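Work through the exercises below with the model open. Each task is followed by its solution.

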Amino acid sequence: MTELQINTTQNVNINFTAASVGERILAYAVDLIIKIAYSVVVFQLLFNLFSVERFMMGWDDWSRIAFILIFFLPVIFYTLVFESLLEGQTLGKRLLKIKVVKIDGYQASFADYIMRWFFRIIDINMMGGIIGLVTVIVNDRNQRLGDISAGTAVISLKDKITINHTILEKLSDNYVPTYPSVINLSDNDVRIIKETLLTAKKSLDHVTLMKLKSKVEEVIGVKAEGYDTQVFIDTVLKDYNYYTQSM
């Protein structure tokens, strides 16, 4: 599986698993089935139930095409609309648990979705989707041309989530907190602190650990002299959980 490292706006590196080619094809197939089903229903309603052919008698060909095309706009704009409304997911992507995200950590914008949708003409509609398929396979981030142009990637949401991926900490029943001032932190602050701690520990980045300790001391207004850096930060995380769970 391809691993993606996204640098967030808080300068925290978060690793994701890129959606596989198979997942993207299956999601596309689900979306295609939905669009075909809609088209069949609309066709039956227009030409069998309401007999629009009689209604359009005397119209020129362009007027007929324009009138019928109006009813098939949901098929044309299906991907753009759903990715915009569902924050990077179509119904097929939601079923397969994959999602469009920005490489720089921001939520993809409507302009990004438009770019991806526009490039579907090249990636998917031309040559039976071969261009998009080949691009995804050879690209180290599993991106098609639309993703490359929009600065996006499709990630898998199926990663197993453990307590290490959240701000939660395991506390004993008789846990006694040390720093009451941790309540000055927010959930987002604690998430960033924990992610930075885990990343620095994994890479043995002692400089980052010391900077993190200094910043936490500054925010909560304490001076943890004599405390091991990791022990101090672990204590802060546990204290925050203690006080927020007690509220």
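The model is predicted, so local features need pLDDT of at least 70 and side-chain atom pairs count only at pLDDT 80 or more, while totals for chains, interfaces and linings use all residues. Residues are numbered from 1 along each chain as its sequence is written, and side-chain values use heavy atoms, with hydrogens and water left out.

**Exercise 1.** Classify the ring pair of tyrosine 175 and tyrosine 242.

Step 1. Rings of Phe, Tyr and Trp (its six-membered ring) pair if their centres lie within 6.5 Å; planes under 30 degrees apart are stacked, over 60 edge-to-face, and the rest tilted.
Step 2. The two centres are 6.1 Å apart and the planes stand at 50°, so the pair is tilted.
Step 3. Tyrosine 175 sits in the loop between strand 4 (152-156) and helix 10 (187-203), and tyrosine 242 in helix 12 (residues 229-246), 67 residues apart. Helices (H or I, at least four residues) and strands (E, at least two) are DSSP runs, numbered from the N terminus.

**Exercise 2.** Decide whether tyrosine 175 and tyrosine 242 are buried or partly exposed.

Step 1. Buried means under 20% relative accessible area, exposed over 50%, partly exposed in between (1.4 Å probe, protein chains only).
Step 2. Tyrosine 175 has 18%, so it is buried.
Step 3. Tyrosine 242 has 30%, so it is partly exposed.
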